Each structure stands twice: as C-alpha cells, then as structure tokens.
Amino acid sequence: MRFRPLQAVVAAGLVVAASMAPAHATPVVSKDATLPVGSELNEELLNQPTELFGFERAGGKRSYLFNLGDMLFSSSSIFGGKAADAGMSCNSCHQQGASNPKLFVPGLSAKPGTFDTTGPLFNAKADNGVFDPVTVPSLRGDKYLAPYGHDGRIASLREFIRNVIVNEFAGAEPSGQVLDALVTYVNEISFLPNEKITSDGHLTDKASDSARRGEALFNKPFPKNASMSCATCHEANAAFVDHKVHDIGTGGYFKTKTLINAKFNAPYFHDGRFDSFDEVVGYFDKHYELGLSASEQSDLVAYLDTIGDADTPFTPNTVQAEVDELSQFASVLDVAIPARDKQVIRLAVDSVGAEWREVGENFPDRKDTSVEGGVAERMRARASVRDLVLTLRQVAMAAEIDDFQEAARLYGEYRKTVAVVTPYLKAAEQYSLFNPRVHEKHFAALRQLADLAK
Amino acid sequence: MPSVSFPSTPSRIKTLAWAAALLSAAALSGTAQAASMKDGVKAYKPFIAENIAKAIAGAKEMQTAVKAGDLKAAQDAWIKSRKGWEVMEPVTGTYFGEFDKSVDPWPNAKSGYHAIEVVLFSAKKTEGLDQPIAEMLANMDKFEKKLNDKKFAFAPQLLLEGTANLAYEVGEEKSGGGESPYAATSIIDMQENVEGIEVAWKLVFADTLKKKDPKLAGIVEERIGNLEKLVGVADIKSMDAKKVHVGGEELAALMLQAAPKLGLKSFKVGDEDEEAAEKAK
C-alpha cells in the first residue's frame with residue numbers, strides 16, 4: 001500500500017499522541033516486593049486524569065477540611081497491613097478521583113481495572129472466600145451517585161469510606177475528623193465539563209449526526225418491552241442514573257452507572273467484562289432483543305462516546321503542579337499546629353513527606369543509566385527533596401514533645417525551603433521523568449531489565 | 001516475625017571492634033580519651049579499605065564461580081561482595097561517585113551489581129558474565145587505588161552529609177522489593193547500610209557530640225539502635241517500611257541538628273547560593 005500524504009499526517013499525529021500517552025511502567029518484578037509479582041499500580045502517569053472540584057466551578061476556595069481530605073486521599077497512613085506497606089492510598093485506585101484502568105493485582109484482579117475488595121491479600125478478616133472482582137469506579141460526581149458499592153449496598157458515602165479504610169484495607173478506625181475530611185473531598189470531585197452535552201444531558205450542536213441518531217435510539221422504547229428504553233434507567237437529566245439496582249442478566253442486581261465522563265471509565269459493567277462501548281451495546285442488543293442494525297449500534301456507540309466525553313480529560317503532570325498540590329496538602333499544618341492537633345500534624349508530615357519522596361524519584365540519580373545529562377541538576381533536585389522531607393520530619397518531632405512553638409518555626413522554615421528549592425526542581429525538570437522523552441527511556445530500560453530476567 | 005536484638009547483632013559486635021580500635025589509636029597518639037573527629041576520619045579510612053577489599057574479594061570469587069559455571073557459588077559470592085559495598089554507602093556516592101555509577105548502576109547497565117544480579121538470580125545463568133564482572137572489578141580496583149592514595153582523606157563535613165543522606169534513604173523502594181529486587185537480598189543491603197551509618201557515627205562523631213550535647217548524642221545513638229532493630233528482620237517483607245522511613249528520617253534530622261554542635265554546616269541545599277549572594281553584595 002502506498003503511503004499517501006494524508007496518511008503521513010495522520011501517522012505523525014499518532015506519533016505525537018503516543019509520546020504524550022502514559023508510558024507503561026513495569027509491573028512488580030520482585031518476589032521480595034510487598035505486592036505479588038505482576039502487580040501493576042500504574043503509578044507513573046505523565047498525563048493525569050484532570051481533577052475538577054465543585055467549589056472551583058462555583059468560584060470558591062479550598063477549605064481546611066477539603067485540604068485535609070485531599071491529603072488523606074493520597075496517604076497510605078490511613079490504611080493498614082499490606083496496603084500501607086505498599087504505599088497504597090485511595091488515589092492508587094481512584095487516580096485523581098477517576099478510575100485506574102491498568103490496576104492489576106494477581107489473585108485479586110480478573111483483568112486490568114478490576115479488583116476484589118473482599119479478597120484475602122489486604123485484609124484476611126474481610127475475605128469472603130469468593131473471587132468476585134469489580135471495576136474501580138470513577139468518583140467524579142459521586143455525591144450524585146448514591147447508593148454506594150456496585151450493588152448499592154451502602155447508603156451513605158461516609159459509611160462507604162469507613163468500610164474501605166477499615167475492612168477493605170485493614171486500617172485503624174478513622175477519627176470523625178478524618179472521615180469528615182474524606183467525605184468533604186469526595187463530595188467536591190466534580191464531573192468534567194463536556195461541551196457536547198447540556199446541563200440536563202441533551203446533545204449540543206457540537207455533537208455529531210451519528211450521536212444524534214444514537215440519542216434517538218437511546219430514548220426509543222425497546223421492541224419487546226415498550227415500557228423500557230436505555231433512558232429508563234439512565235435518566236438524562238439526573239446524571240444518567242436512577243439510583244436503583246437492576247438485574248440486567250449479569251449475575252445479580254447492580255446499580256445504574258453514570259454515563260457522564262464514562263468514556264474514561266472502562267472496563268464496563270460491575271465486573272469489567274466489557275472493554276468498549278461497542279461490546280456494551282452489543283450485549284444490550286442481544287439481551288433485550290433490540291434488533292439493532294450495525295449502523296444503529298454504531299450510532300448508539302457514538303452517542304455514549306459523546307455524552308461520556310470531557311473537554312480536557314487529561315492534564316500533564318509537572319513540577320509546578322506537584323509543588324502546588326503538596327503546598328495545599330501541607331497547608332493543613334497552618335491550622336493543626338496552632339490547634340496542637342498531633343494526629344493531623346503526624347498525618348501531614350508522614351503523607352506530605354511520602355509524596356515528596358515520590359516526587360524525588362522522578363529525578364533519577366547519577367547511577368541511572370537510562371538518563372543522560374543534567375546530573376548536577378538532578379542531584380540537586382534530589383537533595384532539595386531530602387531537605388524538604390527532613391524539615392517536615394522535624395516539625396513532627398517538635399510536636400511530639402509538645403514544643404508547638406518550635407514546630408511552627410520549623411513549618412515556616414519548610415515553607416521558605418519550598419520557595420528556595422522550587423527553582424532547583426524546575427531546573428532539573430527537563431532531565432527528569434516529568435519529561436516524556438526521559439520518562440519513556442527510563443521505563444523502556446526497566447522493561448529491558450525485566451526481559452533480561454526471563 | 002524473627003527479629004534480632006540490638007546488643008547481640010554481628011554488626012554491633014563489628015562496630016564495637018572498630019570503636020575499640022579507634023580508642024587504641026587515640027591512646028597511642030596521646031590524645032584525650034574521647035576521640036576527636038580528626039582521629040575519627042583517620043580511623044574510618046581503614047574501615048573503608050577493609051570493605052572495598054571484601055567487595056573485591058567477593059567479586060573475584062564470583063568471577064571464578066562464573067567461569068566454572070557454578071551458579072550457587074556465584075550467587076553467594078555476589079551477596080558477599082555486595083555486603084562490602086553496601087556498608088560503605090555513606091561515602092560511595094559522596095567520595096567515589098565516579099565509580100559508584102559504574103559499580104552500582106541500574107536499570108540497563110552492561111556491568112555492575114544489578115546487571116549481574118538479574119542474570120544470576122532471575123535468569124539463573126552464569127553465561128555472558130565474564131565481561132561485566134571484569135569491568136566491575138576494574139572499577140573497584142580504581143576505587144581502592146584512589147582510597148589508598150596517601151593524599152586521600154575523609155572530611156567530617158562530607159562524611160556527615162553522606163551518613164545522614166543514607167539514613168534518609170534506608171528503606172526507600174521497599175514496596176518494590178528494594179535495591180536488589182531480583183536477588184531478593186535487599187534486607188541485607190539495608191542491614192549493611194545501617195551498620196555503615198553506625199560505624200561512621202561512632203568512629204567520627206559520637207564522642208565529640210557527647211562532649212557538646214550529651215542528651216542529643218544519646219538520642220542519636222538510641223535512634224541508630226532503633227533503626228538497626230527495624231531492619232534486623234529475616235526478610236524485607238517482615239520489615240515495617242513506615243517505621244523504617246520515620247526512623248531513618250528522624251535519625252537524619254537529628255544529624256542535621258547535630259551538625260552545628262559538631263562545628264559543621266547543616267548541609268542544606270541552597271546554602272551555597274545564599275553564601276554566593278552574600279559575597280556578591
């Protein structure tokens with residue numbers, strides 16, 4: 001086949017798209033690792049799911065409880081057992097409040113993006129003896145999506161979060177403040193804007209003709225049961241949910257899933273059995289004997305794709321984004337130190353310190369053979385992170401002996417240090433894993449090492 | 001969970017032997033009973049000499065075993081050699097960085113511990129390792145030659161920074177299997193790292209700090225012992241990663257606090273820029 005100019009343009013576009021896509025990190029390779037060999041947490045994302053919070057859309061500001069919840073959402077300190085040991089947090093599965101389509105833990109996952117929350121690995125006490133992995137849901141718009149759990153078994157978000165901490169991941173009983181903060185945070189995770197649908201779920205003039213034909217089919221009564229259509233359960237003006245559970249022939253009653261931003265929530269159905277909207281539509285066509293033609297199925301897929309889209313689904317991760325986020329996390333100390341709240345001080349120091357260490361790992365040291373150039377910049381960035389972590393640690397040490405004045409002074413020093421070292425971190429950014437080219441080379445080298453091991 | 005009590009660990013015994021040697025050296029030279037940092041860094045040099053010799057001896061044993069196709073012997077020699085290397089980590093990066101990046105590189109190096117590790121322990125082969133081992137040995141020899149130069153000397157400032165940095169780094173990457181994920185011997189790496197911290201501290205800094213701030217000196221020693229207990233477990237899975245992180249960070253932070261009391265700088269990044277800015281005014 002001749003390579004025509006148009007194809008060349010398309011191919012070039014694909015190359016760019018590929019270089020911006022998250023590089024595939026190597027899964028766990030060591031039998032000494034906390035998680036089983038082959039586990040994949042998909043942690044090294046270059047382009048992260050975009051985060052949007054309700055108060056931002058309303059022009060508001062971050063509250064103390066929100067910042068605390070945001071920090072705790074990324075903290076392994078609220079979990080126990082293997083989850084804490086592996087450094088896992090809520091964010092490991094719900095990346096930036098979205099899902100994690102690559103999450104895979106052998107023995108707990110049937111396929112990437114699924115996870116058995118009642119398996120033996122993370123909390124033997126909660127093991128139900130059944131291999132019943134479910135998809136990791138996106139938390140966008142969660143406040144509109146009660147009840148919680150795939151089978152809708154828990155009415156309240158607060159109770160659901162407690163269950164995740166205590167039963168799924170063997171954490172200690174959380175304090176009221178911890179639960180309040182996490183509920184505040186999750187309630188603020190907003191659906192992402194999509195210029196192709198109106199606020200009441202109808203298509204705008206940005207949608208394609210195929211999607212419009214799909215919308216009509218979506219609302220059309222089923223041939224064998226005129227009282228039903230897709231829209232019966234997926235109500236357009238209610239986040240495409242009806243807050244009910246239904247048996248649609250998949251092995252029990254499961255709650256109606258939202259279709260907003262659902263393009264990014266694969267795999268689909270409670271157990272993740274379908275990887276695409278094509279498969280989902282194919283299933284409904286067969287199960288409800290809809291008799292859809294190939295073009296009608298295609299139109300329905302276009303409709304789901306359109307209403308499930310987002311204007312900016314991903315955001316590149318940068319040094320500045322990390323500095324901003326960790327400054328927001330650490331800001332809970334503004335309140336916790338004067339309040340002499342040792343629990344929050346300890347949580348903040350442990351969590352923010354651990355996050356800084358992860359940032360530091362983005363600056364490979366001089367022994368990393370996959371990265372060239374900028375050794376001095378990278379080493380300085382790593383030392384900067386070390387200084388931040390150690391200054392924070394001293395805050396906790398001072399608070400532990402009730403010297404809150406010293407803790408406040410050290411926190412002030414920490415903030416000054418952030419300002420001093422941010423330029424160093426930025427100077428090293430081009431030589432770091434924040435740079436897509438460096439990122440790909442580094443992980444290609446890790447894959448090469450894993451191949452050598454075979 | 002098997003744990004090793006602090007007073008009976010082999011590394012503790014070795015450390016005490018080194019401390020005793022230092023005190024003898026101090027007595028011979030007619031210095032005060034408590035060793036100065038100057039005496040300490042002199043005594044530290046033979047400790048590093050002994051351990052680079054161990055690393056080299058282990059690598060040579062590995063070379064012989066690989067030539068004989070004896071996988072088990074090669075693996076044992078790899079572990080033996082690596083112990084010598086890991087206990088020197090307070091100085092491998094700071095004083096011998098040019099060799100450190102050749103002896104201990106990853107992930108896709110052609111030579112060095114990890115390139116050899118993946119073949120010996122995961123692929124379970126001895127083939128193709130002659131050249132990587134020869135290259136690693138050549139770099140270790142250069143390391144030894146640099147160390148043995150009469151002009152070469154350790155300085156308290158850089159040694160404190162290397163020691164504190166190692167305390168901060170102990171336990172990193174634990175969740176992924178640690179520094180030696182294919183050999184599954186990362187717990188040994190950590191134990192040797194902590195011993196390296198203890199030796200450097202006791203030989204060089206402990207006595208001086210005891211004179212300046214006995215309370216802080218006692219806390220540092222207690223935290224070193226705590227860290228030694230935390231890594232004194234049978235395998236990395238039995239180790240409490242969070243406690244090791246916190247323990248390592250606290251120890252490094254205490255060393256930072258000790259620096260000015262020892263007459264040293266607190267080695268914060270950016271200090272040199274501030275100094276340069278001051279001079280420019």
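Select Asn42(A): the residue is partly exposed, because 19 other C-beta atoms lie within 10 Å. On this scale a residue is buried with 20 or more other C-beta atoms within 10 Å of its own, exposed with 12 or fewer, and partly exposed in between, the C-beta atoms being placed from the backbone. The model is predicted, so local features need pLDDT of at least 70 and side-chain atom pairs count only at pLDDT 80 or more, while totals for chains, interfaces and linings use all residues. Residues are numbered from 1 along each chain as its sequence is written, and chains are lettered from A and ligands numbered from 1 in the order in which they are written.

**Loops of chain A**

Stay on Asn42(A). Its phi is near 55°, a positive value in a residue other than glycine. Asn42(A) sits in the loop between α1 (5-20) and β1 (47-49) of chain A. Helices (H or I, at least four residues) and strands (E, at least two) are DSSP runs, numbered from the N terminus.

Next, select His243(A), in the loop between α9 (230-233) and β4 (245-246) of chain A. Here too phi is positive in a residue other than glycine, near 60°. His243(A) counts as partly exposed because it has 15 C-beta neighbours inside 10 Å.

Now go to the loop between β3 (134-135) and α6 (157-168) of chain A, where Pro147(A) lies. The peptide bond from Ala146(A) to Pro147(A) is cis, with omega near 0°.

**A helix pair in chain A**

Select residues 342-360 of chain A, which form helix α14. The expected span of a helix is 1.5 Å times one less than its number of residues.

How do α12(A) and α14(A) pack? Their axes are 10 Å apart, at an angle of about 170°. That makes the two helices roughly antiparallel. Axes are lines fitted to C-alpha atoms, for helices over the stretch in contact, and angles run from 0 to 180 degrees between N-to-C directions. Angles under 35 degrees count as roughly parallel, over 145 as roughly antiparallel, 65 to 115 as roughly perpendicular and the rest as oblique.

To see the contact, show Glu322(A), Leu326(A), Phe329(A) and Ala330(A) in α12(A); the residues they meet in α14(A) include Ala348(A), Val352(A) and Trp356(A). Two residues are in contact if their C-beta atoms, placed from the backbone, lie within 7 Å.

**Where the chains touch**

Show both chains. The contact takes 37 residues from chain A and 36 residues from chain B. On the chain A side, α4 (81-85), α15 (375-400), α16 (404-429) and α17 (436-452) each give two or more residues. The largest share, 10 residues, comes from α15(A).

**Chain B**

Chain B has 12 helices and 0 strands. Of its 281 residues, 53% count as buried.

Select residues 37-67 of chain B, helix α2. Its 31 residues reach 45 Å from the first C-alpha to the last, close to the 45 Å expected. Just after α2(B), Gly69(B) takes a positive phi of about 70°.

Finish at Pro107(B), in the loop between α5 (97-103) and α6 (113-122) of chain B. A cis peptide bond joins Trp106(B) to Pro107(B), with omega about 0°.
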